[in-house]
Amino acid sequence: MELLVHEDKAEVAAAVSRRVGGIIDAATDMVTLGLAGGSTPRDAYERMATEIDDWHKVDAWLSDERWVPMDHERCNGAMAAMALMDRVPATFHRPPWDPDLTPEASAAAYDATLHSIHAHKSPDVVLLGIGDDGHTASLFPGTEALEVRDRWFVANHVPQQGEDRLTATYPLLWSAKLLIVMAVGQSKAEALRAALQGQNPAGRIGEGDAAVEWYADREAASLA
Ligand code: 6PG
């Protein structure tokens, strides 16, 4: 794991945009890019939309999603589309949502999609965030998805959020070439400290083959 500390949220966004742009620009074939949800990545996505070319090489997907309609204000895919994906010629693979679909069926379909875009390769880059409670993607403390080892993407009921989520599992994250985690703000300081000690779900992403780079502002890194 590598911790890269930047002055503030804007510098974190700029650094992540540069890092992802360097990978896409250098690629000689297709690149897969897992996108994080939540609020932290939005600034980075907006920079990536104008600072990176070659988006035609990119198959983008979501490292987790809330079980809400695809245009809902809480929908991670809608946020990523508005900030980035609707502005660039990448292919954006999103988990299906339908009133008649179950989270389990959506996750199973998306698991198949992820395996199809990674038929002969591991995920290139996965962007993640970290919650105050130490979750990443929708791998929340005490939830069943933490234990899944036979699938890449599953539905996960999160009682502490009172909702169903869809999430990448550890096997998917562990198989990636690079995981980039963004942490911004004082509220993330304890979770980041614990993660660097491997003491919460976010801290376990380093247990596989993936290289892990943490991009934090000074506040989030203040206890690291
Ligand atoms: C989600 C995210 C989640 C997020 C953290 C941090 O669906 O909420 O994928 O894992 O990265 O909760 O969220 P913020 O960036 O809003 O602090």
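Strand β2 (residues 31-35) and β6 run parallel and pair over two bridges, where strands are DSSP runs of E with at least two residues, helices are runs of H or I with at least four residues, both numbered from the N terminus, and pairing requires that DSSP finds at least two bridges between two strands. The model is predicted, so local features are given only at pLDDT of at least 70 and side-chain atom pairs only at pLDDT 80 or more, while totals for chains, interfaces and linings use all residues. Residues are numbered from 1 along each chain as its sequence is written, and side-chain values use heavy atoms, with hydrogens and water left out.

Four of the five residues of β6 are buried, so the strand is largely enclosed by the rest of the structure. Buried here means under 20% relative accessible area, exposed means over 50%, and partly exposed covers what lies in between (1.4 Å probe, protein chains only).

From β9 the pairing continues to β10: six bridges join these two parallel strands, and L178 has A211 in β10 as its bridge partner. Strand β10 pairs with β1 as well, in the parallel sense and over five bridges, with E2 opposite E213. Six of the seven residues of β10 are buried, so this strand too is largely enclosed by the rest of the structure.

Helix α6 (residues 189-196) brings its own buried residues to this part of the model, namely A189, A191, L192, A194 and A195. These pack against β1 (2-6), β9 (178-183) and β10 (211-217), with contact taken as heavy atoms within 4.5 Å. An α-helix has 3.6 residues a turn, so residues three or four places apart point the same way. After α6 comes G198, with a positive phi near 70°.

A separate description applies to the open sheet of three strands, which has the order β4-β8-β7 and antiparallel pairing. Strands β4 (64-66) and β7 (153-158) stand at the edges with a single partner strand each, so one side of each is left without a neighbour in the sheet. From one strand to the next, the twist averages 25°. Angles run from 0 to 180 degrees between N-to-C directions, and axes are lines fitted to C-alpha atoms, for helices over the stretch in contact. Strand β8 (residues 163-168) pairs with β4 over three bridges in the antiparallel sense, and D64 stands opposite T167 in β8. Helix α4 (residues 103-117) packs on the sheet, where it touches β7 and β8, and its direction makes about 150° with that of β7.

Which residues are closest to the ligand? Of the 15 residues that surround the ligand, the closest are S39, T40, D64, A137 and K188; a residue is counted if one of its heavy atoms lies within 4 Å. Several polar contacts can be listed, each a pair of N or O atoms within 3.5 Å. An oxygen atom of the ligand lies 2.7 Å from an N or O atom in the side chain of S39, and a ligand oxygen atom is 2.8 Å from an N or O atom in the side chain of R66. Taken alone, the ligand exposes 420 Å², of which the protein buries 87%, with accessible areas from the Shrake-Rupley method and a 1.4 Å probe.

The backbone of A137 also deserves a look. Although A137 is not a glycine, its phi is positive, at about 50°. A137 sits in the loop between β6 (125-129) and β7, and at 9% relative accessibility it counts as buried. D54 is another residue other than glycine with a positive phi, near 55°. D54 lies in the loop between α2 (41-51) and β3 (58-62) and is partly exposed, with a relative accessible area of 26%.

Finally, G77 belongs to helix α3 (residues 76-83). At 0% relative accessibility, G77 counts as buried. Leaving aside neighbours within four places in sequence, G77 is in contact with L62, E65, F92 and R94. G77 and G22 are 55 residues apart in sequence, and their C-alpha atoms are 24 Å apart in space.

Technical notes
Polar contact = N/O pair within 3.5 Å; in protein donor to acceptor, adjacent residues only side chain to side chain.
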